[in-house]
Protein chains: 2
Amino acid sequence: MFTKVLVSEDMDDIHKGVYTLLTDLGISEIQQAQYCDDAYLKIKKGELDAAPYELLITDLSFKQDHRTQKFESGEDLAKAIKKEYPHIKVIVYSVEDRLQRVRTLINDYHVDAYVCKSRRGLTELTNAVHAVFNNETYLSPEVIAALSPKNELEIDNFDIELVRQLSKGLSQDEISKYLKTQHISPNSLSSIEKRLNKLRVQFKANNAIHLVAIVKDLGLI
Amino acid sequence: MFTKVLVSEDMDDIHKGVYTLLTDLGISEIQQAQYCDDAYLKIKKGELDAAPYELLITDLSFKQDHRTQKFESGEDLAKAIKKEYPHIKVIVYSVEDRLQRVRTLINDYHVDAYVCKSRRGLTELTNAVHAVFNNETYLSPEVIAALSPKNELEIDNFDIELVRQLSKGLSQDEISKYLKTQHISPNSLSSIEKRLNKLRVQFKANNAIHLVAIVKDLGLI
DNA sequence: CTACTTTTTACGGAAATCCGTAATGGTTTA
DNA sequence: TAAACCATTACGGATTTCCGTAAAAAGTAG
């Protein structure tokens, strides 16, 4: 079993539960970080001191406070860690259950497990730790569908980005101009209209307002 | 101090933290309910058996599963309990920090405390238990502003309702027609435009889409 | 290279929004 | 009662979105 584990989680009560779980698994060295930046620094220090962490368990969302952070979310943290230290296992433990997000974490950032905080969260987390220790990936049942590559595809990041810009108050014309400055293609007003129209159909939205509301409810933006 | 307490919370790890806290406070009888309905029934049974709970600590959001519930949220539960058994103290313990919601819970449902789950959540929860035991109300610093009746007023339910209809995909014209069928006044297209314009200014929104996005983020709809 | 498909872009008209101005009607105040 | 005030409604024009059609550009297969 792992011997040195870092838990990145800002709620002290949740951490308490995770801590006892890890202790029960026989893990001796368990560190906590309440901020993503702290987690990053601890891991970095571990590597430099030749006493590396073997596993990182991290939440996704952290409450903001006065301290400005380099890493605002567990997503950023997981991405950075997996890029710099791919040998360190990463388990994401979050209430979030949006498939889109899980997909990104697994496929693009290559995290090793995704566990949903829920009634059976701690049990699943135990399973995840075991699986990851055996070099397997683990997904909570709620999000297992994320990796079956059939459903709700053909919505790409560009589409999502369009809706995000809309939700920030830009007009379609402004989005077009913005994309041109960024040299992102397609960028014509017409194309933007067409993509948004496709999304409206797909999400059964009456208009752009409705579309933004739906996509926000789905947690895609 | 209280002797018999019920904790309504569906995440087992969070409950673990709360449990140890209550134990440290010297509370002997601590029950947990993972569903709002269970919590309600336990409290009811306690009253019937002349062994009533003195305090209920409840979360707001519960994960859905196969069991259909009479009470879908901690809000419903708190409301019902305070209505039927006003002598039972109620502390809401949630990540939610929307002032509007806190205001409703305190002013309309008369819960005794509202504690935000956060880094210092357990510490604050301890304070809340003490305060409530002394017949005081307690609010986390994050939401203390909820009861200061000065800010962000002059936004009434009608305004919110307009934005809600917008987010459901209705055009301003359709909203006007809808209000007429409901004999709700004002209902002219012009009035609706004017109200929405006022809201756009107030929330610094560029357009209706932006407004809906902002109001959704604030949790007002 | 050619034929075919898909994507991007362009254009035009109808509908909806945005925004200022102004008339109407009801209530308050002097 | 008259004046002042405020909310509601009406209206007109500029801008934006919506939606269909179609041309240009890019990608694919034979």
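Mentor: A term to begin with: a residue is near a strand if one of its heavy atoms lies within 4 Å of it. This is a predicted model, where local features need pLDDT of at least 70, side-chain atom pairs count only at pLDDT 80 or more, and totals for chains, interfaces and linings use all residues. Residues are numbered from 1 along each chain as its sequence is written, chains are lettered from A and ligands numbered from 1 in the order in which they are written, and side-chain values use heavy atoms, with hydrogens and water left out.

Trainee: Of the atoms of DNA strand D within 4 Å of the protein, what share is sugar or phosphate?
Mentor: Sugar or phosphate accounts for 55%, and bases for the rest.

Trainee: What does A:Glu193 reach?
Mentor: One of its polar side-chain atoms lies 2.8 Å from a base nitrogen of DNA strand D. B:Ser191 instead places a polar side-chain atom 2.7 Å from a phosphate oxygen.

Trainee: Which helix gives the most to that surface?
Mentor: H8(B), with four residues. Helices here are DSSP runs (H or I, at least four residues), numbered from the N terminus.

Trainee: Switching to the two chains: how is A laid on B?
Mentor: By a turn of 180° and a shift of 0.1 Å along the axis, with an RMSD of 1.4 Å; the superposition is least squares on C-alpha atoms of residues with pLDDT of at least 70 in both. The two copies are thus related as by a two-fold rotation axis.

Trainee: How many residues does each chain put into the contact?
Mentor: 36 from chain A and 36 from chain B, where contact means heavy atoms within 4.5 Å.

Trainee: And how much area is buried?
Mentor: About 3,100 Å² between chain A and chain B, 52% of it on carbon and sulfur atoms. That is accessible area (1.4 Å probe) lost on putting the two parts together, summed over both.

Trainee: How many salt bridges cross the interface?
Mentor: Two, a salt bridge being a side-chain nitrogen of Lys or Arg within 4 Å of a carboxyl oxygen of Asp or Glu. B:Lys216 and A:Asp217 form a salt bridge with N to O at 2.9 Å.

Trainee: Which helix leads on chain A's side?
Mentor: H9(A) gives the most to the side that touches chain B, with seven residues.

How values were computed
A polar contact is a pair of N or O atoms within 3.5 Å; within protein, one must be able to donate a hydrogen and the other to accept it, and residues adjacent in sequence count only if both atoms are side-chain atoms. Helices (H or I, at least four residues) and strands (E, at least two) are DSSP runs, numbered from the N terminus.
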